[in-house]
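Here is a friendly walk through some packing details, in question-and-answer form. Have the viewer open as you read.

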Amino acid sequence: MSFNWTLFFESTPYGDEIYLNWLFDGIIITVSLAVTAWIIAFLLGSIVGICRTLENKFLNGFAAGYIQLFRNIPLLVQMFLWYMLFPEILSGSLKIWFISGISPNVSAFITAAIALGLFTSARIAEQVRTGIQTLPIGQRYAAIALGLTNRQAYMYVLLPNAYRRIIPPLTSEMTNIIKNSSVASTIGLIDLIGQIDRINDATNSIVEILCGVTIAFMLINYAVLTIMRFVEKQTRLPNMNHGG
Amino acid sequence: MISLENVSKWYGKFQVLKNCTTKVGKGEVVVVCGPSGSGKSTLIKTVNGLEPIQKGKIIIDRTEITNPSTNLAKLRSKVGMVFQHFELFPHLTILKNLTLAQVKVLGRSNEEAREKALSLLDRVGLLAHADKYPAQLSGGQQQRVAIARALCMDPIVMLFDEPTSALDPEMVNEVLDVMVELAYEGMTMMVVTHEMGFARKVAHRVIFMDAGEIIEDTSKEQFFTNPQSDRAKDFLAKIIH
């Protein structure tokens, strides 16, 4: 069996592109999807995670249910469910726009970002909750005793410390969201995974393509790790404790 | 200034405070002592509502904190509190630790808050450390910062919850010195502590607690020379060598 390792530099049947361009198109979609889903996941996850630490029984219970729901159903099932459900919950001109006003790749992108974002938000919520709950109880007391309201205590004291603590698990959640984004190809999104079929249909060289996609995923995640190492370094507090 | 009437608190079925009644007058220094688990830390945390109570009444400066319509945050800003483990905010510099609540709670300008903070840091002898982070200071220094942080709010009363228990022995005095000075200036203070030397020096009254009850509430002289209860006698025999 012989391999064609220069495959990605060969011309595609259309226009003056080479297959590397297709791979890059896939990378752009995969990264865009991961970033969009991450924004949804981080915002919702933070809110739900904070709710889990509140005394308010209703908000706390709602958050607990939310986490159970989105964490316990496989991502693949959630992806299909949103694919089926999402157009149905829209109404009027928004529905028409979603079904026929945009290209299938865009509607698949929106659906995938929602599914992946909600799935990941439940995981982030648990990390935010843990980050807050592992802070010494005295930190909350000290903030409240100074006259800060509960909201101010969260904003100025608890959250800045909680987020610092959970940077490592958040980093692995980021690499997860990039890997999990591959499920979006099942609802027709032409991301990195989608490009595998597309290039293979034209070249019939699956092993080479998989190698290329593997390298692409590794590079993306390496970039994520580098960025997060930088973030961690920037937010690290001086710690030269000598006794006490 | 502070008045506790029949304060009772339960954790589930376990009663941690049993009908505690006492008063702290303006300018008075009251030391609360007792064996561990006696409820003294819980008692002092009920005073500013950090620990809710199920029965009884707590009044600070004519405001009833147990009344649901009381603005607790506003009341707390007038009650300084110092904790066993300092509880400085680790992500903020010493200066920011002192200015945060002044700006966010009292609405002081940054400049005003900064001046106040620096003058209080100077007072506790830590002006040179204003731009450091808490973890860069020793325990004794951190506790002095914590006292300065509370004083920044111009409190009408100061609560101390075992302020020297987490310190290495050689750092205890630097913190006690600041507290003694505060007492001599006439600050109203309620202090949970095992430091009987401090109590002898500045306390007006001593409250002795055991098993969630106030067993003795008496003058310092009376407590040290002629304790009434066996439990207080036993406690003093163990703690004073």
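This is a predicted model: local features need pLDDT of at least 70, side-chain atom pairs count only at pLDDT 80 or more; totals for chains, interfaces and linings use all residues.

Residues are numbered from 1 along each chain as its sequence is written, chains are lettered from A in the order in which they are written, and side-chain values use heavy atoms, with hydrogens and water left out.

Q: How many helices are there in chain A?
A: Helices here are DSSP runs of H or I with at least four residues, and strands are runs of E with at least two, numbered from the N terminus. Chain A has zero strands, and its helix count is 10.

Q: At what angle do the axes of H3(B) and H4(B) cross?
A: Axes are lines fitted to C-alpha atoms, for helices over the stretch in contact, and angles run from 0 to 180 degrees between N-to-C directions. Angles under 35 degrees count as roughly parallel, over 145 as roughly antiparallel, 65 to 115 as roughly perpendicular and the rest as oblique. H3(B) and H4(B) are therefore oblique to each other. Their axes come within 9 Å and cross at roughly 130°.

Q: Is B:Gln102 buried or exposed?
A: B:Gln102 sits in helix H3 of chain B. Buried means under 20% relative accessible area, exposed over 50% and partly exposed in between, with a 1.4 Å probe and protein chains only. Because its relative accessibility is 0%, B:Gln102 counts as buried.

Q: Which residues of H4(B) does H3(B) meet?
A: Contact means heavy atoms within 4.5 Å. From H3(B), the residues taking part include B:Leu98 and B:Gln102. On the H4(B) side they are B:Asn110, B:Glu112, B:Ala113, B:Arg114, B:Lys116, B:Ala117, B:Leu118 and B:Leu121.

Q: How many residues does the largest nonpolar core have?
A: A nonpolar core is a set of buried Ala, Val, Leu, Ile, Met, Phe, Trp, Tyr and Cys residues joined through side-chain atoms within 4.5 Å. Among the residues with the most contacts inside the largest one are A:Leu33, B:Ile2 and B:Phe89. This core has 106 residues.

Q: How many residues of helix H1 of chain B are buried?
A: H1(B) spans residues 40-47 and is mostly covered. Its buried residues include B:Lys40, B:Leu43 and B:Val47. The count is eight of eight.
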